[in-house]
Amino acid sequence: MLRVLIVDDEKIVRKGLVSLMPWNDFDMTVVGEASNGEMAIQFMETNEIDLLITDLSMPLMSGIELMEEVRKRDPRIQTVVLTMHQDFEYVQEALRLGAIDYIVKTQLDKVQFEDILGRIAAQVKQRAPYKAAPVPKDELDDVEELFVLYALGDEPKLGIQISNKALEADQGCWYWTHLQEQEKEQILEWGRTAVPKTDFALICFKGLKEMDRRSILQLLRFYRKRDLFYEFNPLHAIQIVQVGDTSNHENEEAEIDMKKMKESWLLSDWIYDEAIFAEFVHELKALRLPPIRLTRLFYSLTDEWNRLYREILSKPITIEDFLTSWAQFEAWLREVRDRIKVFNMKQPHSLEIQISITKAMTLTQQMMEQQFTAGDIARMVNMSSSYFSQCFKEIVGDTYSDYLRNIRLKRAKEYLSTTTKTIQWIAEQVGYNDEKYFSRLFRKQVGMLPSEYRQLKWEVDE
């Protein structure tokens, strides 16, 4: 029987889950409930649990903090998070910390209870074979090398059972120690055949002789947090890490000007100049941004690139929600670059002209709320007005005035759909100081007034 603890600061949520969910049907029983993280910790000091269901947003101790504390105390306890729909970033962090699933409170429905518990039970059962027995205190004494298996994805699928000798260092991290040569060869053979096809990384740490158990486990966690994403190459069956070559984890993460970095990637130089692209990639990798932060940055950039290159892309640029390695990310980045370059290589214009037109598109997006003319933009990219207009039409497919009007109206639609700002405010944000003129233009191009468009979108969303 799986012992469950429910933690939520809302009593009605706790009572609802306890009384309405068909726990017995899935071999589960609720052994306790708590209104905050501190009370949950106190409960676990005197009671055994197997599954923790916790809210993310609570007073005294958040769900994330509770998960971190529980993982330190007993990494074998599985966790499911309760969340509101707007807590997306918290959910991502919870999944990174090892949560096996999440329940959206706004979607709780008696009809769905059986599906929810069934899904959670399947996740627990899937991960159960990989749990290890408690680690003996001297297991890591006098160790020179360590074979370590890291799970890379949120829901890793392992093709074979992990050896009985594998011990769990942390959620999604197992290791083998004191192996015989034959056992090492078996692990290496598995690495050669299975690892490249799964969401796992096999690492061999060397040079551990002078380290105690606590230092070794800390090294494994720090390597996963800071280096694994950047050093793992899915084409290699196993990677060797000399302890002296790992990053200095004592240094705090440097302050990074994300706005300036984003502006650099919005310029077109990296698309056309291989040396600049290589420099950008090298500098970005050196920052060692946490994968979730890197993904968030380039998720935002894909929106901007799709705005900039909408007219020249056959389909929108997208990025995976979860990246497993720098190698995967760099391959994606090169693909994005090639997609934009391939189109422009078909153009009869020189590379210099293509860069100027791309720069003009970037400037237009960045200055949208200001008053300017095609002649102003032409001067900014060092072209004459007439030649600029001709080249812009031939490369982009629209006249510059049509392009400017279209992107302004597209941005206005976004504001109308996602904000409650006044029509005057929206008009000014997209470069029109006269609300009446903006409304007439909007109706002419879209077929309805801005207020009517907003009402229609909100009714559809509801």
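Predicted model: local features only at pLDDT ≥ 70, side-chain atom pairs only at ≥ 80, totals over all residues.
Phe277 is buried, with a relative accessible area of 0%.

What sits over the ring of Phe277? The charged end of Arg337 does, 4.6 Å from the ring centre.

## Ring pairs in the model

A pair of aromatic rings is described by how far apart the centres are and by the angle of the planes. The model holds 26 aromatic pairs. Take Trp265 and Phe280: their ring centres are 5.2 Å apart and their planes meet at 65°, so this pair is edge-to-face. Trp265 belongs to helix H8 (residues 258–266) and Phe280 to helix H10 (residues 274–287), so the pair ties together parts that are 15 residues apart in sequence. Are these two residues buried or exposed? Both Trp265 and Phe280 are buried.

Trp270 and Phe277 make a pair of another kind: with centres 6.0 Å apart and planes at 25°, which is under the 30 degrees cut-off, the rings are stacked.

Now for the bigger picture. Ring pairs join Trp265, Trp270, Phe277 and Phe280 into a cluster that also includes Phe229, Tyr230, Phe298, Trp305, Trp326, Phe329 and Trp332.

Another arginine to look up in the structure is Arg408. Arg408 lies over the face of Tyr432, at 5.3 Å from the centre of the ring.

Conventions
Residues numbered from 1 in each chain as written. Heavy atoms only, no water. Phe/Tyr/Trp six-rings, centres within 6.5 Å; stacked < 30°, edge-to-face > 60°. Helix = DSSP H or I, 4+ residues; strand = E, 2+ residues; numbered from the N terminus. Buried < 20%, exposed > 50% of the residue type's maximum accessible area, 1.4 Å probe, protein only. Lys NZ or Arg CZ within 6 Å of the ring centre and 35° of its normal.
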